[in-house]
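Take a moment with the sequence and the model before reading on.

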Amino acid sequence: MRRASRRSPKGVGKKSVLSELHKFLFDGMPVRGMIVRLTDSWQEILARRAGNSATGAYPPPVAELLGEMTAAATLMQSNIKFNGALILQIFGDGPVKIAVAEVMPDLSLRATAKVVGELAADARLPDMVNVTNKGRCAITLDPKSRVPGQQPYQGVVPLFGDQYEKLDKLSDVLQHYMLQSEQLDTTLVLAADDKVAAGLLIQRLPVKGEGNLEGTSQRDHDQSNEDQIGLNEDYNRISILASSLTRDELLTLDIDTILRRLFWEEKLLRFEPQAGLLGPHFACTCGRERVANMIRSLGVEEADSILAERGDIEVGCDFCGKQYRFDAVDAAQIFREPGDQLPASSVVQ
Ligand SMILES: [Zn+2]
């Protein structure tokens with residue numbers, strides 16, 4: 001841990017290429033925070049989709065939503081101690097049928113969305129996923145090693161507020177979820193464009209003995225109430241500062257500058273930033289070898305008939321959109337590999 005110095009000009013004017021995550025505590029207060037800035041990993045998600053001839057690029061409002069989801073999922077994964085995938089999903093009742101961001105404990109991440117039909121260029125959250133107020137947001141924690149019969153944990157929240165009003169911002173939906181599921185006040189600021197997906201999370205930590213009035217005299221009780229009020233004031237002040245961060249600032253400023261601008265009057269205890277393979281990075285489980293195995297399992301006849309019809313075999317990854325193409329020569333190679341020869345005994349006759 002290192003203490004941030006207000007005078008340190010470190011990081012100013014320096015644009016980081018790698019995606020990064022910074023965690024920090026507010027000294028002496030039950031408040032923690034983290035900020036994520038996805039650059040290369042986010043651009044890889046967009047590039048794979050854009051390069052897919054069947055889908056084409058995401059419409060900008062969908063990219064924005066998916067980027068915010070990916071940044072939020074990264075913050076949520078980093079915020080819990082859980083050995084498994086965190087999957088943030090929106091099941092929409094509008095043109096965006098489903099949007100998914102998945103982040104593993106090592107902060108490898110991927111994301112996808114399914115869009116059906118047209119979308120206005122200025123579509124907002126309700127236009128995309130909550131037209132009739134039936135859209136839902138689900139957060140799933142899927143343990144890495146599940147014992148037989150064990151179900152992943154899933155929490156589902158609607159995309160409306162207390163008065164059934166449609167929520168306009170993903171951050172509002174997730175703040176609601178965090179308060180419900182973890183009973184912790186959380187402030188989230190999210191933003192994304194075609195280069196950066198970023199998010200800031202501020203959370204009030206549970207105070208020792210909070211809500212536990214057992215065995216306290218009236219005097220102690222009063223004292224603890226006063227302490228509690230003071231602690232809430234700290235959180236409220238920091239939350240208001242965090243909420244003043246604009247979309248533009250979050251997308252264009254480097255992390256050190258953002259933290260200095262927002263919290264220059266606070267004492268921050270900062271952890272070592274996480275970047276590269278130790279930080280948020282793109283990863284998908286697809287690959288050319290997997291697709292080759294799939295074609296192999298189709299059998300040579302089926303493969304030949306696809307080749308005769310279309311000239312090549314094209315398989316796109318459902319998750320990241322990357323397409324793998326095999327022409328007749330590639331396909332022949334697949335079926336020529338030793339493991340695929342029929343055993344000698346069966347070809348004798
Ligand atoms: Zn993939």
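Which residue stands opposite E314 in β15? It is R325. Here strands are DSSP runs of E with at least two residues, helices are runs of H or I with at least four, and both are numbered from the N terminus. Strand β14 (residues 312–316) runs antiparallel to strand β15 (residues 323–327), and 5 bridges join them. Two strands count as paired if DSSP finds at least two bridges between them. These two strands form a hairpin with 6 residues between them. In its turn, G321 has a positive phi of about 90°.

Some ground rules come next. Residue numbers start from 1 along each chain, following the sequence as written. The model is predicted, so local features need pLDDT of at least 70 and side-chain atom pairs count only at pLDDT 80 or more, while totals for chains, interfaces and linings use all residues.

How confident is the predictor? pLDDT is its confidence in each residue, on a scale from 0 to 100. The protein averages 87, and 85% of the residues score at least 70. Over residues 1–16, however, pLDDT is below 50. That stretch still has 20 contacts in the model beyond near neighbours in sequence. A contact means that two C-beta atoms, placed from the backbone, lie within 7 Å. Residues 344–349 also stay under 50 in pLDDT. For them the model has 1 contact beyond four places in sequence.

Now the overall build. The protein has 11 helices and 15 strands. Of its 349 residues, 34% count as buried. Buried means that 20 or more other C-beta atoms lie within 10 Å of the residue's own; exposed means 12 or fewer, and partly exposed is in between, with C-beta atoms placed from the backbone. Among contacts between residues at least 6 apart in sequence, 67% join residues at least 24 apart.

Follow strand β2 (residues 20–26) next. This strand is mostly covered, with 6 of its 7 residues buried. It runs antiparallel to strand β3 (residues 31–38), joined by 6 bridges. Within this pair, H22 stands opposite I35. The hairpin of β2 and β3 has 4 residues between the strands, and G28 takes a positive phi near 80° there. Strand β11 (residues 268–270) is antiparallel to β2 over 3 bridges, and L25 stands opposite L269 in β11. Strand β12 (residues 274–275) is joined to β2 by 2 bridges, again antiparallel. There, Q274 is the bridge partner of L21.

Turn to the open sheet. It has 6 strands in the order β8-β7-β4-β5-β6-β13, with mixed pairing. At the edges are β8 (153–158) and β13 (281–282), each pairing on one side only. Helix α4 (residues 170–182) packs on the sheet and touches β7 (136–143) and β8. The direction of α4 makes about 130° with that of β8. Such angles run from 0 to 180 degrees between N-to-C directions, and axes are lines fitted to C-alpha atoms, for helices over the stretch in contact. Inside the sheet, strand β4 (residues 84–91) pairs with strand β5 (residues 96–103) in the antiparallel sense over 6 bridges. Q89 stands opposite V100 in β5.

In soluble globular proteins, nonpolar side chains tend to be buried together.

M69 touches L88, A99, A101, A111 and L170, leaving out residues up to four places away in sequence. A71 is found in helix α2 (residues 60–79). A71 counts as buried because it has 34 C-beta neighbours inside 10 Å. Beyond four places in sequence, its contacts include V36, L38, L190 and A198. A71 and A198 are 127 residues apart in sequence, yet their C-alpha atoms are 5.4 Å apart in space.

Finish at P206, in the loop between β10 (197–204) and α5 (218–243). P206 has 12 C-beta neighbours inside 10 Å, so it counts as exposed. P206 and E182 are 24 residues apart in sequence and 9.8 Å apart in space, C-alpha to C-alpha.

Terms used
pLDDT = per-residue confidence, 0-100.
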